[in-house]
Amino acid sequence: MQGTIQQNLIELTGKPVADCTDQELYLALLNLVRRESEARRTPVSGKKLYYISAEFLIGKLLSNNLINLGLYDEVKTCLKEAGKSLSVIEEVEPEPSLGNGGLGRLASCFLDSLATMDLPGDGIGLRYHFGLFRQDLSQGVQQEQPDPWLTDHCWAEPTDTVFPVSLGGHPVNARLYRLAVTGYEGRTNTLNLFDLDTIDESMVTEGIRFDKTDIEKCLTLFLYPDDSDEAGRLLRIYQQYLMVSAGAQLILAECQERGSNLHDLADYAAIQINDTHPSMVIPELIRLLEEKGIGFEEAVQIVTDTCAYTNHTILAEALETWPWNYLEKVVPQLMPIIGKLDDLARSRTDDRSLAVVDDHGNVHMAHMDIHFTHSTNGVAALHTEILKNTELNGFYRLYPDKFNNKTNGITFRRWLLECNPALAAEIETLIGPDFKKDASRLEQLMQYTDAAEGDVVVLQQFAQIKADNKKALASWLGEKGIRVDPEAMFDIQIKRLHEYKRQQLNLLYLIHQYFEIKAGHTPAVPLVSIFGAKAAPAYTIAKDIIHAILTLSKVIAADPEVSRWLQVVFVPNYNVTIAEKLIPACDLSEQISLASKEASGTGNMKFMLNGALTLGTMDGANVEIAELVGKDNIYIFGASSNQVIHRYAAGDYCAREWYEADPNLCRAIDFLTGPEMLAAGRSENLERLKNELIYKDWFQTLPDFNAYVVRKDQALADYAFDPLGWSRRALINIAKAGYFSSDRTIGEYNRDIWHLTAQH
Ligand code: CR1
């Protein structure tokens, strides 16, 4: 950078820093960051990765980019000297609404790691105007509102590049927007986002309602528009096709520009298909290659060599299948190709369950991915084993060499350096700065935990940082009218709301705790239980769970006898910005999915890195966390994935029997529709949830209830009676978190799948 920060800011704003508004300073910093990021763009030689994803949950970018550009400290000081505050200026920035959960956040962590490791890797996605939705809980139930984030000044900049895309035979132009992704002391890559110029934001009325058939006006309004009717499902296919068609055209154009003759595409591009939303890129690329004169068989081979697929879930709802006649409406031009791919797949195996198009005329996107890419990976060791041995076993037997595991990771720049600067500074004091680029160095912190008591002074220092972070969170909540006791244990469950993640198990525990307190059996330490989660708008039971938690929170708040010991907080509109405030302040991390159902989890890694202990099942990456930290430094409970898989296979799980056999469980479930809850909440929602738990409980909450109560109470007791031991175990978690750096994950993808060369 030329000149000091102060000189640059004066040049960009035309006045002294002290005279600028926060808005002016935000814009100036945005422009400064842009200029510096562009300076780190270098031409790509060799192969480039394209990560195609329906979601990129990037979070706010200002601080992250300043950190990665090495400008953060200087900017902060310069602003402070002028009486300004970077964190206040950050409030001006809206959080981009381009994602939903872990899948989208993972994509963003990957982009950060790619750029940090000097690897050429760009994202391809859509520029949603209103994101998933903004969650309003003020009425005691979830209400959805648009979540606008596109302002005149935005990180994603429009370009003159447009690609023609045919939607249901109707031509539209996909405009390319580019967002710079700057690595930590690394190169600048690009997140490419597509959009139509014809989108009409004013067509959204009454929350998030709009006419789903007016495709040119509504196509990119929302991420995952409600697909409970046919128009919604068609809209999702239209969206997916816009993304992959424009994306494929961009990839081919860039590769040709770099010298590819398209026959050698796989030497110029690696394409990672992030879950099944971008799967149509396979037939679309084949179509485009055929248009350029390449024969079908060769085109299939080229695409197979270029593309790889990541599976993120074994839940059927996310393994998309689209009826043939829907696809025919949206992408008639792809149907002959999909038909031929189906023939080809059937010629490779007699197993009809592996077909691309099943006997009912449904197109299985994941099947197309596995047949016609060269790599299929799961996202944690257990998940990949389950794919190989059960869910995708037929495919594994057909293509054993295609299957591999890539355990997820998180970027330590955002999830340590940015969100927890005090912890990062303390670590740097103890082991030097190298951990910022080589996370495995965190292991050096083990020396401070060695003795049974560990290094008392160091542990107290870590405990103090946690206490300060809790106070900061308490005061942030206080500004929102929520008062919590920072001396209490902070227990946090933040993630998408889904029955398999079992927020309802946590809810039942809290009700149980309520009864215990009423009976005079107070917990070892006061407990603050914090939730953050959005439920899919059409997911009724998930919304009922939110309502029940909110109602319980009210009941407890109105009861001083209980609220001295127990507080329940539901933070509305959970997003990346809120996660960054909650995670550094957490003592106990809730990772309580039904074993076998959580593919990996990445929140579990963020909490561990920030010195929380995990309370979890042997599911997803929890298994790897447990192996790394050892069983004394994590609270594991509940049925194993094998037990769960067998229980499903036997088909004889009966929730009602568990409910009737366990008086504590019965008491907790009945409370949902008891007089206290009905007085504060809505009977329709509470009744429905109660019935769901007793008569369905598809995700086997009840069998794990007792074990959960026992382990959680143990955690509370350990925290209360052995604070030093707790700090020591927290530090072991930090020291062992290095494995979960997304730099490690990206290194493995590159070694096994992409084969990119670092650009220096
Ligand atoms: C999984 O549920 C995983 C992320 C990222 C999610 C979660 O366990 O950590 O992907 N899958 O791999 C998902 O959102 C639609 O599927």
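Modeller: First a definition: two strands pair if DSSP finds at least two bridges between them. Helices (H or I, at least four residues) and strands (E, at least two) are DSSP runs, numbered from the N terminus. This is a predicted model, where local features need pLDDT of at least 70, side-chain atom pairs count only at pLDDT 80 or more, and totals for chains, interfaces and linings use all residues. Residues are numbered from 1 along each chain as its sequence is written.

Colleague: How many bridges join strand E12 to E13?
Modeller: E12 covers residues 376–378 and runs parallel to E13. Thr376 has Phe403 of E13 as its bridge partner. The number of bridges joining E12 to E13 is three.

Colleague: Which strands stand at the edges of the nine-strand sheet?
Modeller: That sheet is open, with mixed pairing and the order E5-E6-E7-E2-E1-E8-E9-E12-E13. Each edge strand has a single partner strand, so one side of each is left without a neighbour in the sheet. The edges are strand E5 (157–167) and strand E13 (403–405).

Colleague: At what angle does helix H15 run to E13?
Modeller: Axes are lines fitted to C-alpha atoms, for helices over the stretch in contact, and angles run from 0 to 180 degrees between N-to-C directions. H15 (residues 381–391) lies across E12 and E13. Its angle to E13 is about 160°.

Colleague: Which residue takes a positive phi in the hairpin of E5 and E6?
Modeller: E5 and strand E6 (residues 170–182) pair in the antiparallel sense over eight bridges. Phe163 stands opposite Ala174 in E6. The hairpin has two residues between the strands, and the one with phi near 60° is Gly168.

Colleague: Why are H21 and H30 roughly perpendicular?
Modeller: Angles under 35 degrees count as roughly parallel, over 145 as roughly antiparallel, 65 to 115 as roughly perpendicular and the rest as oblique. H21 (residues 540–557) and H30 (residues 683–695) pack with their axes 9 Å apart. H21 and H30 are therefore roughly perpendicular; their angle is about 115°.

Colleague: Is the crossing of H10 and H11 left-handed or right-handed?
Modeller: A crossing is left-handed if the near helix is turned anticlockwise from the far one by less than a right angle, and right-handed if clockwise. H10 (residues 281–291) and H11 (residues 296–306) pack at about 135°. That makes H10 oblique to H11. The crossing is right-handed.

Colleague: How many residues of the contact of H10 with H11 are nonpolar?
Modeller: Contact requires C-beta atoms, placed from the backbone, within 7 Å. Ala, Val, Leu, Ile, Met, Phe, Trp, Tyr, Cys and Pro count as nonpolar, Asp, Glu, Lys and Arg as charged, and the others, Gly among them, as polar. The contact includes Ile282 and Leu285 of H10 and Phe296 of H11. No residue is polar and one is charged; the nonpolar ones number nine.

Colleague: Which residues come nearest to the ligand?
Modeller: Near means that the C-beta atom, placed from the backbone, lies within 6 Å. The shell has five nonpolar, nine polar and two charged residues. Of the 16 residues around the ligand, the nearest are Gly102, Leu103, His312, Ala599 and Ser600.

Technical notes
Contact = placed C-beta atoms within 7 Å.
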